[in-house]
Amino acid sequence: MNQLLTALFCLFSISLSAQIQGIVTNDKGEPLPYVNIYLKDSYTGTTSNEEGNYTLDITQTGEYEIIFQFLGYTKESKFVSAQAFPIELNVKLSESSVSLDEVVISTNEDPAYRIIRETINRRKQNLERISAFEANFYSRGIWRVKDVPEKILGQEVGDFEGALDSTRTGIIYLSETISEIAYQKPDDFKERIIASKVSGDDNGFSFNSAQDANFSFYENSLNLNADIVSPIASNALGYYRYKLDGVFYEGNKLINKILVSPKRSKDRVWEGVIYIVEDDWQLYGVELSTNGEAIQVPFIKELIFKQNFTFDKTENAWVKISQTIDFSFGFLGFNGDGRFIAVYSDYNFEPAFEKKSFSNEVLFFEPFANKKDSTFWKQIRPVPLTKEEVGDYVRKDSIQVLRKSKVYLDSLDRENNKFSIADPLFSYTYRDTYEKWQVDYTGPLPKVNFNTVQGWNGGAGLRYFKWYDENKTNYISARVNANYGFSDDRLRFSGRIIKNFNRTNRLRIGLWAGTASVQFNNEEPISPLINSISTLFFQRNYMKLYESTYARVSYSQELFNGLRIYVNTGYESRKELFNTTDQTFYPQEDEGYTTNNPLVPGDIEVFNPAVVNHDLFKTNVTAAITFGQKYMTYPDGKFNLGSNKYPSLELGVENALGASIQDYNFTQLKARLTQRVNTGNVGAFYYNLKAGTFLDGDDISFVDYQHFNGNQTRVGTTFNYTNVFNLLPYYELSTNENYFEGHFEHNFQGWILGKIPGINELNFNLVAGAHFLSTSENKPYSELSIGIDNLGWGNFRFLRVDYVRSFYNGGQDGAFIFGLKFLNLFD
């Protein structure tokens, strides 16, 4: 009963707060959603909601002319004499009468092509037409799901914090933002969020932002994971077919309605309708769709973009006033849809910007932005809530207190903390949500693997995790692990304690100690699973190990925007390890295991170990620099966005001292430069450059050499190959002198294969790569590769195949590399 009264109060409050309100329908009486409604010659306006309802806030009495604009319908103008409020104004819109009577039809090509060429010729001019502005921005996002399964892959899905009803259907995300935005070309942007509201979370902050909604079809492409070619891009005529569906007038402006369709169905393109103003050659509106296959996000079924523009006489420009993005999705039994709407108002095209008006901070939340009450929202919200949205706010807000109570959280924990018979083998978590702590147990089965040093081995672990805030950014974590090798009969323990202080500078300190068998290359290029298979099935024991007993401390922190420091220092004792088993599933007479010495794997290892037992103190200091790093400031933290323009640079110093063997003291200086370069609809280019040099490193332990990520298994496990040489033996070119390595890869994301008939139906991506390694004591090593990515079926596309050719010391070699990218998810 209380919820019903609250809902009625909210609806009553909305109606009272409206100055001019009503419903917009078509000729059949059906409501029209997201109609643009604004005062003539101004940017004071609103938008109707999904039910066609609108409210227009007018603060003063007087005479007003109100414009109702909706794509595909004739614009309506209504005169209102506002003397007393509220005023009800219901409006009926009629579909636009488009005709071709005034169009000169050519027998050679459709007249749409002339219009498109004119618009393409003025694309850059239109893109740069408005050099600076300020505006108010409103955004609302909603995600719905239906028929959600109770379990996925054996794991409980839950009820999404009470969002699902008895049919496993409901709204899982509903949020709004009110903000002030500012722009100055070429790319200065900032957003100040005044109010943020998340349904069911009075401490939450919306993910909606103006920057994420900033899509312009005047750009050659729109980045939606993959770059989708605009229908008015400079190269659009190579991707689209056009048909003039008709024309109509808005005042004295002739509007062309053009149907857009792809030349090739599997290209990264749109389909739908665009409206172009004759002579101005600017967009009047767009209604275009694409799909998950095009953007290479398979679980997305459809994306529909709608944009509306209005004419500004002063700027002689058609200015965007609203945008809606509708989407539908489905994956592993999840099905649903959603919508994000954006409304722009109160433009100021002559802002008084100063040098300090813009910085790398692109978004900022006002204090208490998420604490605005319902009175504030009903006065400022430009798009009325639907009954569904009102109901979701009311229901979730009413149960929010309950869901945070000790009684409720304890009952939830009792259900989730139930113990099953399989938990000792896999995992188990005991959680006290109200007191903010949990204990996690990791069972031995998921980590069981095989190597020739330990034989079959596995382990178990315990973790205590205590958090102090709702977002779990201020926490302490303590973990202990045990690993037992059946062949070498060794039980090894390791542990760590980590304290994370905040989400602003992410200050973190840690204490690490224990004994472990570890790979000589600390980047661990050989996956335990892949090594187990290659060893047991093919007698290829590529993994080489030594034993490390260690105690060290770590520290990391962002000192200021774009500069983060990592420090790791401590004591380490190293010992040799030897093969202890020759077990294999398929023994071969002419094959045998190599020794555990990566330097001379065929030698008799008892007399020639790779590691001479020793102790030392070792320190690593790394400065990670992101040039021009953009970031967003939330009340509870800082979110770094990286930089689209500049690379990231790492500078490091590695130092060993106090070694039990004097010659093992050394210093290494190293640097790394990485970047992802978006090349529009041509794809994405990645590079990774590394260089370093050793000081006093002539006789150091092989453990401390610079090792390079090779691959002898012919299986790739990473999403791209910018940190691996796929045909290089793991330790063949390890060095203690100067070195340089470079990795380059370009993913064409359908730019080439998408144009080949038949092949374009498969939605594969062509990938090309080049890799180079130079060390002081060896001749250069290089690789060239060509491959196909995005292999798989349906929504599962985690496979890749490459042919790699290597060049070294006058010889060549070639092989296929089979990429199993999903293994990277489980490492």
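1. Strands here are DSSP runs of E with at least two residues, and helices are runs of H or I with at least four, both numbered from the N terminus. S345 is in strand β22. S345 counts as buried because its relative accessibility is 15%; buried means under 20% relative accessible area, exposed means over 50%, and partly exposed lies in between (1.4 Å probe, protein chains only). Setting aside neighbours within four places in sequence, S345 is in contact with Y43, A135 and N136. Contact means heavy atoms within 4.5 Å.

2. A word on the source. This is a predicted model, in which local features need pLDDT of at least 70, side-chain atom pairs count only at pLDDT 80 or more, and totals for chains, interfaces and linings use all residues. Residues are numbered from 1 along each chain as its sequence is written, and side-chain values use heavy atoms, with hydrogens and water left out.

3. Now the backbone. D346 is also found in strand β22, which covers residues 334–348. Its phi is near 50 degrees, a positive value in a residue other than glycine. D346 is partly exposed, because its relative accessible area is 41%.

4. Q296 has a positive phi too, near 60 degrees, and is not glycine. Most residues other than glycine have a negative phi, and most peptide bonds are trans. Q296 sits in the loop between α4 (292–295) and β20 (300–312). With a relative accessible area of 16%, Q296 is buried. Beyond residues up to four places away in sequence, Q296 touches N225, R268, N763, N765 and N790.

5. Which peptide bond is cis? The one from K185 to P186, with omega near 10 degrees. P186 lies in the loop between β12 (170–184) and β13 (188–198).

6. K466 belongs to strand β27 (residues 455–467). Is K466 buried or exposed? It counts as buried, because its relative accessibility is 17%. Leaving out neighbours within four places in sequence, K466 is in contact with E435, K436, W437, N474, Y475 and I476. T679 is 213 residues from K466 along the chain, and 44 Å separates their C-alpha atoms.

7. Next, the surface. Patches are made of residues with over 30% relative accessible area and no salt bridge; like charges are joined within 9 Å, and nonpolar side chains (Val, Leu, Ile, Met, Phe, Trp, Tyr) within 5 Å. A salt bridge is a side-chain nitrogen of Lys or Arg within 4 Å of a carboxyl oxygen of Asp or Glu. Accessible areas come from the Shrake-Rupley method with a 1.4 Å probe; for residues, only the protein chains shown count as cover.

8. A nonpolar patch on the surface has about 1200 Å² of accessible area together, and its residues include L425, W456, F486 and F585. Helix α8 (residues 528–538) gives the most to this patch, with four residues. F585 lies in the loop between β32 (563–575) and β33 (614–626). At 39% relative accessibility, F585 counts as partly exposed.

9. D663, D696, D698, D699, E737 and E777 gather in a surface patch of negative charge. Asp and Glu count as negative, Lys and Arg as positive; His and the chain ends are not counted. Each charge is placed at NZ of Lys, CZ of Arg, CG of Asp or CD of Glu. D699 lies in the loop between β38 (684–695) and β39 (715–716).
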